[in-house]
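Subject: Structure for you to look at

Hello,

Here is the structure I said I would pass on. Please open it first and keep it beside you while you read the notes below.

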Amino acid sequence: MPASSEILAMPTQAQPAGHTPQAAASRIERVIEALLAACSIATVLTTAGILLVLAVETWSFLREVGIGKLLFDTEWTPLFAQKHFGIWPLVAGTCLTSLCAIAVALPLGVLSAIFMSELASPRLRKWCKPLLEILAGVPTIVYGYFALVVVTPILQRMIPDLAGFNALSAGLVMGIMITPIIASLAEDALHAVPKGLREAAYALGASKVPTILRVVVPAAMGGIAASVIIAVSRAVGETMIVAIAAGQQPRLTLDPRVPIETMTAYIVQVSMGDTPAGTLEYRTIFVVGSALFLLTLAMNVTSYKLAKRFRRAT
Amino acid sequence: MSGDQARSHTGERLFVLLAALAVALPLLVLLFLVLAVGHEGAGRLSFDFLTSYPSRHAERAGILPGLVGSLWLMVLTAVIALPLGVGAAIHLEEYGRRSRLSRFIEVNIANLAGVPSIVYGLLGLGLFVRTLHMGRSVLAGACTLALLVLPMVVLVSREALRTVPLSLREAAYALGATRLQTIRHVVLPMAYPGILTGAILALARAIGETAPLVVVGALTYVTFVPDGLDAPFTALPIQIFNWVSRPQSAFVVDAAAGIVVLLVTMLLLNGVAIYLRNRLQKKIS
């Protein structure tokens, strides 16, 4: 066996270093490999860039204002003369729209997943998934238009004291947008449940639907939970729907009928105006961005861990 | 007993119906949305709408700067993101060797894919607009969008590279080809349709993005088209956002017409992607 490795190593040993065409070729190979490596390092630099930009501006904000005013105030009015920097109204707005969204997307997404994985014929399934994924590919500005111009007027007929800008209609439309995320990932999870479990349930006399609800879905719970968390994270980071349809009035409320402002919508609101760099208003969008980044990162990591544990279990 | 069975049978049917409805409902909502937008905007759609500048008069406003701006952004984004993304994918798939570094890069890319698009906007504002002094230019916008779609380009390219059977690489090595020659003459030609399709889909996503461009500083009222990399710019979705945000209902019609243009553009791009994939795949097999 050692002989074979000697044979493989022979040509390079026999070569005089430097000037042969092979040496030139291997130099090119090494240069290109380095270039390709640089490309993947670029993705790491992107992350570093995000962290750095957010950290620098957030740090200057905190030095000027202090973390106390950020966490222990209940009003967010950095654009007014009487400035308050309590971030909770924006967080509440984000939670509210995300809750509305998940109230739509959770049942629709999980039921769709069950349909595609357990009930539909293979041919139908082949059609369902790409069709549902169209929903996630529609630009969010289109959903924003939909929420403001179509859904809100319809809802106002049913709920008379619904404001023109409100968390409800933005959240509901966002729910439609994130449904395919849950449907697609939960379907993968259901699909990964071993066939033996279903067969064991059938052997015990259970029919199809009880098997799905009491055996398959519980077995896939880890994967389904992971899909829901990813969907919530997407809802929290979603911008245009809430910027258009949910309003620009930060307030600490759980009432979905009134105008609110989400973290993302605040960043858009400030960006639309002219804010010179270095002002406090300019820095607040990075502070809100940092909070948003940390919130979504925490959810993404949790989801990733859940999905990994689930994959190992099945 | 038989009554119980019959009841549970109806229950089963109801459940199946409910699940089928869960798939159909979002799709019906989408269909309704597209029809509503089309109905609203159809009256404004004309050749003039495509070739006019925005105006204070809703019935005379057009979408030319947005259309041209989006085209600029798309081409520049492609030029920046595709070499980087495909290069990174080749590095990770073909040179990765399961090293700790490449696993770290993988986790990092998965995380980047989950970062909200508006945070990329903040990155673009802090890095490209301010630190690198690009200003609120079309180049700064394209750089931001390029970083935004980079994880997606890497992911789809890796998937395409992974479909190339290992045995083909081994055959090339056995014939004395180097790693680079194998990649250039065997792996890339086979993975090409998949990479191309993924790239077009990523670009389609890029031109639908609004939030990062708002933060980077795309203008909302532009009466010129960009004439260079450092020119101020607008884009289709930004123009639509501007019209939607106006209180006068006449502009809502403009927004609807703009949305139709945006959706048709995206549909065309997706169609091209699917067509190319089918054609190129047939050629290979």
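How far apart do the C-alpha centres of domain 1 of chain A and domain 2 of chain A lie? The two centres are 33 Å apart. Please keep in mind that this is a predicted model, and that the values here are computed from it.

Chain A

The two domains of chain A cover residues 18-65 (domain 1) and residues 88-313 (domain 2). Where they touch, domain 1 of chain A supplies seven residues and domain 2 of chain A supplies eight. On the domain 1 side of that contact in chain A, three residues are nonpolar, two are polar and two are charged.

As for secondary structure, chain A has 13 helices and zero strands. Its radius of gyration is 26 Å, whereas the globule rule gives 20 Å for 314 residues, so chain A is more spread out than a compact globule. The C-alpha trace of chain A spans about 85 × 70 × 35 Å along its principal axes.

A pair of helices in chain A

You can look at one helix pair in detail. Helix α8 of chain A takes in residues 195-203, and helix α9 of chain A takes in residues 208-219. Their axes come within 10 Å of each other and cross at roughly 155°. Angles over 145 degrees count as roughly antiparallel, so α8(A) is roughly antiparallel to α9(A). The crossing of these two helices, α8(A) and α9(A), is right-handed.

Which residues make this contact? From α8(A) they are A:L197, A:R198, A:A201 and A:Y202. From α9(A) they are A:T211, A:V215, A:V216 and A:A219. Sorted by class, the residues of the contact between α8(A) and α9(A) are six nonpolar, one polar and one charged.

Chain B

Chain B also has an assignment into two parts: domain 1 is 2-44 and domain 2 is 49-284. The C-alpha centres of these two domains of chain B lie 33 Å apart. Six residues of domain 1 of chain B are in contact with seven residues of domain 2 of chain B. On the domain 1 side of this contact in chain B there are one nonpolar, three polar and two charged residues.

In chain B you will find 11 helices and zero strands. The radius of gyration of chain B is 24 Å, while a compact globule of 285 residues would have one near 19 Å.

Regards

Key. Residues numbered from 1 in each chain as written. Chains lettered and ligands numbered in written order. Predicted model: local features only at pLDDT ≥ 70, side-chain atom pairs only at ≥ 80, totals over all residues. Axes fitted to C-alpha atoms, helices over the stretch in contact; angles between N-to-C directions. Helix = DSSP H or I, 4+ residues; strand = E, 2+ residues; numbered from the N terminus. Parallel < 35°, antiparallel > 145°, perpendicular 65-115°, else oblique. Left-handed = near helix turned anticlockwise from the far one by under 90°. Contact = placed C-beta atoms within 7 Å. Nonpolar A, V, L, I, M, F, W, Y, C, P; charged D, E, K, R; others polar. Domains from an automatic or database assignment. Rg over C-alpha atoms; globule rule 2.2 N^0.38 Å.
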